[in-house]
Amino acid sequence: MDASDVQRRIMDFMSRTLLFQFGNSVGPDTDLFQAGLIDSFGFIELVGFLEATFAVKLTDDDLASPETATLAGTTRLVMSRLSQ
Amino acid sequence: MTSCRRCLLPDTVPGLRFDDTGLCDLCLETPSVEELGRVRAALREDMERVIEAHRSDRPYECIVAYSGGKDSSYTLKLLVETYRLRCLAITVDNGFLATRTYTNCRVVCEGLGVDHVLFTPRRSFMNALYRGSAEDESVHPPAAVRRASSICNSCIGLINSHMVQKAMEMDVPLIAGGYIGGQLPRDAARLVLRPGLQAERRSPRVERLVRSFGEEARPYFTIRPGADPNREITVINPMLGLAIREDDIMAALAPLGWKRPQETGVTSTNCRMNDLGVYLHQKRHGFHAYALETAEQVRHGLLSLEEATAKLAALPTRDDVAWIADRISLDLDAI
């Protein structure tokens, strides 16, 4: 599974479950919390999705990291866990 | 309009998909009733481990976010009688609690021997919070508005923040909510909060609320980290580990003197504002604000299709909610 596959699956989840689309105003480096597109419950759903879908375990540091505020950062994080 | 043949969720719910047999994707990804039973048992065992790990000689071992409604009343009863936790019940008076709710809070807490705090935010702020939430739902993420009305999201956000603030101030390690299935993401049954570490992540949300509701909102939604940045507070939701029907809940509460209020509508057992949220949500989005919660109760076998149909059909009318809109200076016709 490469990074583009991972990113595509995360984007699909965000579209279906978190109900927003990536496009003109929302990009891979958009801070989704700053943009008001995700709240704490949405983040919990995202983490649950990542761990179940990619069979990775995210640490407390991961969850607090600015990486998990963006699509690109989340993708990088998952890829780094998959490579371990 | 198409509705799921199993859980009644309509195709007006954003993001919902259906298969060729008329089942929605939430039903398709829900395990069997038997497996759900095992999931609930696992949640219960996990919660019991958490409870045991947090027993102490502190004055209070658990703050219960106590609305006075049936679910949080049952939660309080369970934690006190079954788990022998020293609880502090905190009720946030939003200005729209039914008269009977105050009595219910008193008789339940007295009957269980529990200390109770009634916190009453300024009416002017609460009315502005509700009005602003009704006028502009974008204060909340799209997925939050699917889960509950914008009004309820704002109120619950204030309540949750208050509970965490008090837990931090009073050094209470546990907070218990009365959430039931469908009101929370499935992975949120137990949450470990680290307000110190999470302050930066939380900050955009607080700033958004301040932009929407004014600087008055800041103290209600800000959680000060405290001296220990690694301080943890665990949030549990005992009802998620139980399979108990509404009528059984109310039967269990009756000996304490709890009675269902008559003026809170079909979907609330404590709050009169709830109907306005349901009315506006239906008008804007074309599905009931309680559709997801009701669907989950059906999937768990706790509500029959007939009961769910009746619940979702009992929508408040404009006449039912006009007085609420007047109270908060909301122009219903502008929505």
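Biologist: To begin, is B:Ser124 buried or exposed?
Modeller: B:Ser124 is exposed, because 10 other C-beta atoms lie within 10 Å. A residue counts as buried if 20 or more other C-beta atoms lie within 10 Å of its own, as exposed if 12 or fewer do, and as partly exposed in between, with C-beta atoms placed from the backbone. This is a predicted model, in which local features need pLDDT of at least 70 and side-chain atom pairs count only at pLDDT 80 or more, while totals for chains, interfaces and linings use all residues. Residues are numbered from 1 along each chain as its sequence is written, and chains are lettered from A and ligands numbered from 1 in the order in which they are written.

Biologist: Where is B:Ser124 placed?
Modeller: B:Ser124 belongs to helix α5 (residues 123-135) of chain B. Helices (H or I, at least four residues) and strands (E, at least two) are DSSP runs, numbered from the N terminus. The C-alpha atom of B:Ser124 is 9.7 Å from that of B:Gly95, a residue 29 residues apart from B:Ser124 along the chain.

Biologist: Turning to the sheet, what is the order of its strands?
Modeller: The order is β3-β2-β1-β4-β6-β5 in chain B, in an open sheet of six strands with mixed pairing. Two strands pair if DSSP finds at least two bridges between them.

Biologist: Which strands form the edges?
Modeller: The edges are β3 (115-119) and β5 (190-193) of chain B, each of which pairs on one side only. On average, neighbouring strands of this sheet are turned by 25 degrees against each other, direction ignored. Such axes are lines fitted to C-alpha atoms, for helices over the stretch in contact, and angles run from 0 to 180 degrees between N-to-C directions.

Biologist: How many bridges join β5(B) to β6(B)?
Modeller: Four bridges join β5(B) to β6 (residues 233-236) of chain B, and the two run antiparallel. Within this pair, B:Val192 is opposite B:Thr234, and B:Leu193 has B:Ile233 as its bridge partner.

Biologist: And what does β1(B) pair with on the β2(B) side, and in which sense?
Modeller: β1(B) and strand β2 (residues 87-92) of chain B are parallel, with four bridges between them. There, B:Ile63 stands opposite B:Leu88. The chain passes from β1(B) through helix α3 (residues 70-82) of chain B to β2(B) in a right-handed β-α-β crossover. Right-handed here means that, with the strands pointing away from the viewer, the path from the first strand over the helix to the second runs clockwise.

Biologist: What about β4(B)?
Modeller: β1(B) and β4 (residues 174-176) of chain B run parallel and are joined by three bridges. B:Ile63 has B:Ile175 as its bridge partner in β4(B). β4(B) is also joined to β6(B) by three bridges, again in parallel, with B:Ile175 opposite B:Val235.

Biologist: Which way do the residues of β1(B) point?
Modeller: B:Cys62 and B:Val64 point one way from β1(B), residues 62-65, and B:Ile63 and B:Ala65 the other way; all are buried. In a regular strand the side chains alternate between the two faces of the sheet.

Biologist: What does B:Val64 touch?
Modeller: Leaving out residues up to four places away in sequence, B:Val64 touches several residues, including B:Ser72, B:Leu76, B:Cys87 and B:Ala176. Contact requires that the C-beta atoms of two residues, placed from the backbone, lie within 7 Å.

Biologist: Why is B:Cys87 called buried?
Modeller: B:Cys87 is buried because 27 other C-beta atoms lie within 10 Å. B:Cys87 lies in strand β2 of chain B.

Biologist: How many residues has the largest nonpolar core?
Modeller: The largest nonpolar core has 112 residues, and those with the most contacts inside it include B:Leu9, B:Cys87 and B:Ile175. Helix α7 (residues 150-170) of chain B provides the largest share, nine residues. A nonpolar core is a set of buried Ala, Val, Leu, Ile, Met, Phe, Trp, Tyr and Cys residues joined through C-beta atoms within 7 Å.

Biologist: Finally, how many residues of chain A contact chain B?
Modeller: In chain A, 17 residues are in contact with 17 residues of chain B. Helix α2 (residues 40-54) of chain A gives the largest share of the chain A side, five residues.
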